[in-house]
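We will go from stop to stop, selecting as we go.

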Amino acid sequence: MLLKISELTKTFPGTLALDGVRFDLKAGEVHALLGENGAGKSTLIKCLTGVHQRDHGRIELDGQDISPASTHEAQDLGIGTVYQEVNLLPNLTVAENLTFGRQETRFGMIRTGRMRADAEEMLRGYGLDHVNVGRELATYSVAIQQIIAIARAVALSGKILILDEPTASLDARETETLFDVIRNLRDQGLGIIFVSHFLDQVFELSDRLTVLRNGRHIVTADTAETSRLDLVHHMLGHELQEAEARGTRRAVGEEVIRVRGLGRRGKIDPFDLTVHAGEVIGLAGLLGSGRTETADVLFGRTPPDRGTATDADGEIDLGSPRAAIAAGFGYAPEDRKTDGIIADLSIRENIALALQARRGWASPISRSEQRALADGYIRTLDIRTTDAEKAVGDLSGGNQQKVVLARWLAMNPRFLILDEPTRGIDVGAHAEILKLIGELTEKGMSILLISSEFDELIAASDRVIVVRDRAHISELTGEQIETDRIIAAIATDDAAQGAAP
Amino acid sequence: MNARVLPLCATIAIFLLAYLFCYIQFPAMLSTRVIGNLLTDNAYLGIVAVGMTVVILSGGIDLSVGSVIAFSGVFVAVLLRETDLHPLVVFVLLLAITSAFGAAMGGLIHALAMPSFIVTLAGMFLARGAAYMLTIDSVPIDHVFYDEVLQDAYWRMPGGGRLTLIGIVMLLSVLAGMVLAHRTRFGTAVFALGGGEHTARLMGVSVGRTTVQIYAFSGFMAGLAGIVFSIYTGSGYPLATVGTELTAIATVVIGGTLLTGGAGFVFGTLIGVLTMGLIQTYIVFDGTLSSWWTKIAIGLLLLLFIMLQKGILLLGRRRRTALG
């Protein structure tokens, strides 16, 4: 056994990130590490690469106890890591990136010829013979940069290679090239830890897999003997209790927005979506499946590069969030701390923000108007605060979410996208927000609800669209909306769908 | 062509075109005399701009250098007046002080994780204040070593032009800067910092040490520029070289270095300095234009280069997305 981790425990203030986790890795295998957000994958990797120090447990490499204190020490021990965002310097040449920190010098001057020769030597066997090591890294595509990063990591460490979401920004052809490189390295006897959200890739590439959930080790198994359904069950676990379906799924209203073939290369495959007045559309899928990407494209955060959206008045411009807002769209993003609220501004200012932006700075909303607006929403949404002048950053998560909602409600959008509106808020507030969603749709607003909690989707949605590997793969309506069907749709083998990631 | 050398080529092309334009109007401008004067008159600016180039390549900025030059001139002048120290000893003392001053700023920038803009702004006031503490008057330098060696040493070029000692010091500084930035591990670390501090750290750059070294180097070059300026003017004056830091930044940008760091050439900075000098020389030759036209020309050139850089960035991004 090349690597053996046992009883690994790591706590952060307030959370137990890893609870007695075990993991092992043989030389010459690809071992996939899987889990949803907060499962503990990153923490495990970071303990292994010296970013975090473990509290308890053992890490044995080649039978020796190790406890790397820095990424450098881990590297010297033989553990190299390649992250999703390429951690090389785009403004340096390929050769400089590959040999960085180890260039040979003579009289303090770098021997350029030797550096290039070393770099070319390091790239041999990766199928990158067309790469000119004297050119800047930025002139090459992300896939090639990724392979160069792998070449550097392998040359520097050479025993274990950790690939953290390496394919997240690659297309199908590039992914295949990368996989050839990885298989080649495996055959050379490297131990490879592969972290990915893409189940198809896990099945295609890995020999074994380990699932973590909530900081605990759930299962380690041979990939060939694991079914997709089992895997998804392992990853989602106890959250899979049968949820109560929405009491009354109402008859759909008239069609308000029609989206045809909307998509963006590398983000989300083209999809169709028809939005009716007063309906809640749920978007289900695993982390990284294309849920947020769908929302980003619909709201112009990453403008679509193909397809159209139309309503009764003709085509809708989705070129920017500003245009989308003008078209009556609203978007409460997943990460409200960085994308949704301005923590230092007051509740009043946060609520008035978007409305003011739409009215233009020439016609300011008077302070008393803002005040009335804020007080109104504090009452109707039951935002728990002493007054409207309190900084939003001082509120609890649920109340912050309500402020984000209030901001959009003040705009009176016809189509509101809510990405994980209940993430990180307590149970009581959770129910209130779901209730609020129901009330809003009664007034004719349409909502796209994104959530990783299936029971929440089932409780609130009129229909559920399932996304996987950045494509919309099926739609469930009425009685079909139940946990098992969603899971089955997520776990369906790709061959049936014919869409490779 | 590699997009990285495009700004440098543009810089050189603009300089040559400008020179051609001047030559057509005033054929006398193509002489070793004019070239020699160009180097002598802009020696201090060239030296300080080399230090500034390294700072900007790392993604920082050093606003203190103008004040440090003034301080250096005053320090040298006052010490030569008050003591019997040999000028060379005074130079060594001064360079030690300005390097340490730069190193201290670099240390603060790293330790406090403060923008270099703020820390060196404080340094700018400190150095200017220190110059005033030494004297408030212009102090003439009256030393036999200055008069007979430093100010009188030159090499007569073919055609009668004088390549003065300070001109040579400037050219050597540029050469040293080129080697340091493009041919040493320190230089690679500087480029790495300019490319992204987080990534640079992951790749093994000792960020703190490199930052200290960068600003120490800039301080050293500012001190050297101060010495050269004192030789050029034969005096020390605390109000001298106000705004030189901004002129130096302008020459670096006109020289094709990306103001956000990570890309550029020290040699380009030399061309930037010469371009500025050329504009001034042209105005002198013309005789009717106000010297403020220099500022306008520099402003336009700066604007041109900033737009050029933006254009290159956009072009590169588009090409990459096209390649996928």
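Select B:Ala113, which sits in the loop between α5 and α6 of chain B. This model is predicted. Look at the backbone here: phi of B:Ala113 is near 50°, a positive value in a residue other than glycine. Is B:Ala113 buried or exposed? B:Ala113 is exposed, because 8 other C-beta atoms lie within 10 Å and 12 or fewer count as exposed.

Select residues 87–111 of chain B for helix α5 and residues 116–134 of chain B for helix α6. Two packed helices are described by the angle between their axes and the distance between the axes. Here the axes come within 9 Å and cross at roughly 145°. The crossing of α5(B) past α6(B) is right-handed.

Which residues of α5(B) and α6(B) make the contact? On α5(B), pick B:Phe101, B:Met105, B:Leu108 and B:Ile109. On α6(B), pick B:Ser116, B:Val119, B:Thr120 and B:Gly123. Colour them by class: 5 are nonpolar, 3 are polar and none is charged.

Zoom out to the whole of chain B. It has 14 helices and 4 strands. The radius of gyration of chain B is 20 Å, close to the 20 Å that the globule rule gives for 324 residues, so chain B is as compact as a globular protein of that length. Along the principal axes, its C-alpha atoms fill a box of roughly 65 × 55 × 30 Å. Of the 324 residues of chain B, 49% count as buried. Now consider contacts in chain B with a separation of 6 or more: residues 24 or more positions apart account for 80% of them.

Now for the core. In soluble globular proteins, nonpolar side chains tend to be buried together. The largest nonpolar core of this model has 235 residues. Select the residues with the most contacts inside it: A:Leu161, A:Leu449, B:Ile47, B:Val48, B:Ala225 and B:Val228. Helix α11 of chain B, residues 207–233, gives the most to this core, with 14 residues.

Stay with A:Leu449 for a moment. What does A:Leu449 touch, leaving out residues up to four places away in sequence? Its partners include A:Val280, A:Ile281, A:Gly282 and A:Leu283. Among them are also A:Leu418, A:Ile437, A:Leu457, A:Ala460 and A:Ser461.

Move to helix α9 of chain A, residues 291–298. This helix is mostly covered, with 8 of its 8 residues buried. Step along the buried residues: A:Arg291, A:Thr292, A:Glu293, A:Thr294, A:Ala295, A:Asp296, A:Val297 and A:Leu298. After α9(A) comes A:Gly300, whose phi is positive, near 75°.

Now select A:Asn412, in the loop between α14 (397–411) and β19 (415–419) of chain A. Its phi is near 50°, a positive value in a residue other than glycine. A:Asn412 is exposed, because 12 other C-beta atoms lie within 10 Å and 12 or fewer count as exposed.

Last stop: where the chains meet. The contact takes 21 residues from chain A and 23 residues from chain B. On the side of chain A that touches chain B, α2 (71–77) and β8 (109–110) of chain A each supply at least two residues. By class, that side of chain A has 8 nonpolar, 9 polar and 4 charged residues.

Methods. Residues are numbered from 1 along each chain as its sequence is written. Chains are lettered from A and ligands numbered from 1 in the order in which they are written. This is a predicted model: local features need pLDDT of at least 70, side-chain atom pairs count only at pLDDT 80 or more; totals for chains, interfaces and linings use all residues. Two residues are in contact if their C-beta atoms, placed from the backbone, lie within 7 Å. Ala, Val, Leu, Ile, Met, Phe, Trp, Tyr, Cys and Pro count as nonpolar, Asp, Glu, Lys and Arg as charged, and the others, Gly among them, as polar. A nonpolar core is a set of buried Ala, Val, Leu, Ile, Met, Phe, Trp, Tyr and Cys residues joined through C-beta atoms within 7 Å. A residue is buried if 20 or more other C-beta atoms lie within 10 Å of its own, exposed if 12 or fewer, and partly exposed in between; C-beta atoms are placed from the backbone. The radius of gyration is taken over C-alpha atoms; the globule rule is 2.2 Å times the number of residues to the power 0.38. Axes are lines fitted to C-alpha atoms, for helices over the stretch in contact, and angles run from 0 to 180 degrees between N-to-C directions. A crossing is left-handed if the near helix is turned anticlockwise from the far one by less than a right angle, and right-handed if clockwise.
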